[in-house]
Amino acid sequence: MIKRGAEYLAGLRDGRIVYIGGERVDDVTVHPGFRNAARSYAAIYDARFNERYRDILVTTEDGDRFATYFLRPKTRSDLERRTRSCQVIAELTYGLMGRSPDFVGGYITGAAMQPEVFDSGAFRFASHVTAFYDHCRRNDVFLSHAVTPPQGTRDKTLYQREAARVPALAVVAEDDAGLTISGTKMLATSAAFSDEIWIGNILPLAAGHESEAVTCVVPPNATGLTLWSRKPYERYAVSAFDNYLSHHFDEGDCIVVCDCVKVPWERVFVHNDIGLSRQIYFRTPAHTLSNHQAGVRYAAKLKLLLGLARRIVKSSGIDGVPAVADDLGHLAALYGMMKAMIQGQIQDFETLGSGYVNYNRHYMYAAVYFATQHYDQICAKVRELSGGSVLQMPADVSVLHNPATRSVFEELWRTPADSAVERFKLYKLAWDLLGTDFAGRHLQYERFYMGPAFVVRAHSHRECPWPEIDDYVGSLLDRIEPGPLLDLGLTDTETKGSP
Ligand SMILES: Cc1cc2nc3c(=O)[nH]c(=O)nc-3n(C[C@H](O)[C@H](O)[C@H](O)COP(=O)(O)OP(=O)(O)OC[C@H]3O[C@@H](n4cnc5c(N)ncnc54)[C@H](O)[C@@H]3O)c2cc1C
């Protein structure tokens, strides 16, 4: 089944509870903090019925029609198909909605490509993974995820000293029906807009934290579950004209709070297994499929930044300055690198024993590392090229509503190249991406969406083909043999040194 936007929105009206500070939000589809983001997601669903995108976003297999991000790739062309689908979704949202349905859609699809990994230790949950994957694919489910324990809880002794309850999400009871979970997880982006939340652990858990080693899925309207949102930027956008991006594309970040939430066994994928709760992401293609999407999405955002930079320097009349062209060349090179790293993941794809294929995971982590390390530099460069231009516009769109201010504005703010209104649009858009609350959140997102830099480097270390590299250096060392000193034709003095 392929859902339309209206069906998707109807599904969000399910009684889920979201808090903004002390305010309780009962319907995210109409609340001024969330409604436009909900519509942006709905537009992704509707795009599947648009002739232009339909054949990219929808795949048919064995008579089933489903979103392409649920495709388990068996060939290189399947990988290309998935990439193209991610590209369309990313460009519909200008790379600004990182946790669109294709991100965690990649988790469950990757997990279902090697479900045997979940049959381990005391539990055999492979069939749960496969059945849930079928459910998501059949019902066009939007998954979000919360796989990070809250800060401050990673050292239990701090709490034990005060005999305080550790707020990290953990299993608190178990019976024939399933598990009961309580506690919190950070930082579930898009959870307020999703159909199911994947709860898990991407960070290593220390011994003694077994009860936190649970991977399961829960619906956002589960009894006892609440979502605690950060400030929604959409609510504070002055208007769509002033803050187009904050207004439409704030995907939201929530702390998930569970108070004795019941999880039926069929929705439990890992229980009580510290090692496995983290390994499932790497021993299956889950992490690679989802984070390939992250790279594709990042490239869509760089395209926007690059395009804005070019428009701004043209509008400022500095595009002919060689130093400015050099800066644009720098940004263009970074954009090209990102695109090339995405293609490389397809070119050097991996064949899995199970008959499936996967993107090249070493290159995928390299692309994420590149992304996390360059985003703030790229934004800084675009800000530098913008100078004061982004702050020279009147406060808000009301300048156009007053005939007196409008006529002065239209006369004095225009340039030979652009009308005052065109320049207003351009610079306000740029500031929304570079200088607002929304922009600041994106700086943090791009740095941390896969974890801190040392974690991303650890992934690269794990996936690097060390044997090939060792052999390469080894083959060179093997060629070097001790032998006679070569006759370099040096004089006696030069050989022995001067007295
Ligand atoms: C905007 C945004 C959206 C997010 N969305 C999601 C989501 O959808 N789902 C989800 O599960 N998570 C999400 N996250 C959470 C993200 O996964 C975590 O922020 C990330 O893993 C980093 O963890 P942390 O914030 O607890 O930082 P910490 O791990 O506490 O790190 C903070 C700093 O301390 C340093 N540091 C900590 N430990 C070490 C160490 N051992 N060695 C060296 N340096 C160290 C780090 O380098 C870092 O600079 C999101 C985060 C952000 C900012």
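Is Cys136 buried or exposed? At 0% relative accessibility, Cys136 counts as buried. The model described here is a predicted one.

## Cysteines

A search of the whole structure finds zero disulfides. The cut-off for a disulfide is a pair of cysteine sulfur atoms within 2.5 Å. For Cys136, the closest cysteine sulfur is that of Cys216, and at 13 Å this is too far for a bond.

Cys260 is in no disulfide either, the nearest cysteine sulfur being that of Cys258, 9.8 Å away. Cys260 counts as partly exposed because its relative accessibility is 44%.

## The four-stranded sheet

An open sheet of mixed pairing is built from four strands in the order E7-E10-E11-E14. Its edge strands, each pairing on one side only, are E7 (143-146) and E14 (268-271). From one strand to the next, the twist averages 20 degrees.

Strand E11, residues 214-218, pairs with E14 in the antiparallel sense over three bridges. Within this pair, Val268 of E14 stands opposite Cys216. Helix H6 (residues 126-139) packs on the sheet and touches E7, strand E10 (196-199), E11 and E14. The direction of H6 makes about 145 degrees with that of E14.

## Strand E9 and its partners

Strand E9 spans residues 178-189 and is mostly covered, with eleven of its twelve residues buried. E9 pairs with strand E8 (residues 170-174) in the antiparallel sense over four bridges. The two are joined by a hairpin through three residues, and Val171 stands opposite Ile181 in E9.

E9 also pairs with strand E13 (residues 253-264), again in the antiparallel sense, over nine bridges. Here Ala188 stands opposite Cys254 in E13.

## Helix H4

Helix H4 runs over residues 76-92 and has 17 residues. From its first C-alpha to its last it reaches 25 Å, close to the 24 Å expected at 1.5 Å a residue. Just after H4, Tyr94 takes a positive phi of about 55 degrees.

The buried residues of H4 include Leu79, Val88, Ile89 and Ala90, as well as Asp78 and Arg82. The packing partners of the buried residues of H4 are helices H2 (35-47), H3 (51-57), H5 (101-113), H11 (286-315) and H12 (322-347), together with strand E16 (357-358).

## Salt bridges

Side chains of opposite charge can pair when their charged atoms come close. With a cut-off of 4 Å between a side-chain nitrogen of Lys or Arg and a carboxyl oxygen of Asp or Glu, the count comes to 27 salt bridges.

One of these joins Arg16 and Asp14, at 2.9 Å from N to O. Arg16 counts as buried at 1% relative accessibility, whereas Asp14 is partly exposed with a relative accessible area of 25%. Arg24 and Asp26 also meet in a salt bridge, at 2.8 Å from N to O. Arg24 is partly exposed at 46% relative accessible area, and Asp26 is partly exposed at 47%.

Asp253 forms a salt bridge with Arg230, and the closest N and O atoms are 2.6 Å apart. Asp253 lies in strand E13 and Arg230 in the loop between strand E12 (225-229) and helix H8 (233-236), so the pair ties together parts that are 23 residues apart in sequence. Both Asp253 and Arg230 are buried. Salt bridges with shared partners join Arg230, Asp250, Glu251, Asp253 and Arg441 into one network.

Conventions:
Residues are numbered from 1 along each chain as its sequence is written. This is a predicted model: local features need pLDDT of at least 70, side-chain atom pairs count only at pLDDT 80 or more; totals for chains, interfaces and linings use all residues. Side-chain values use heavy atoms; hydrogens and water are left out. Two strands pair if DSSP finds at least two bridges between them. Axes are lines fitted to C-alpha atoms, for helices over the stretch in contact, and angles run from 0 to 180 degrees between N-to-C directions. Contact means heavy atoms within 4.5 Å. Buried means under 20% relative accessible area, exposed over 50%, partly exposed in between (1.4 Å probe, protein chains only). The expected span of a helix is 1.5 Å times one less than its number of residues.
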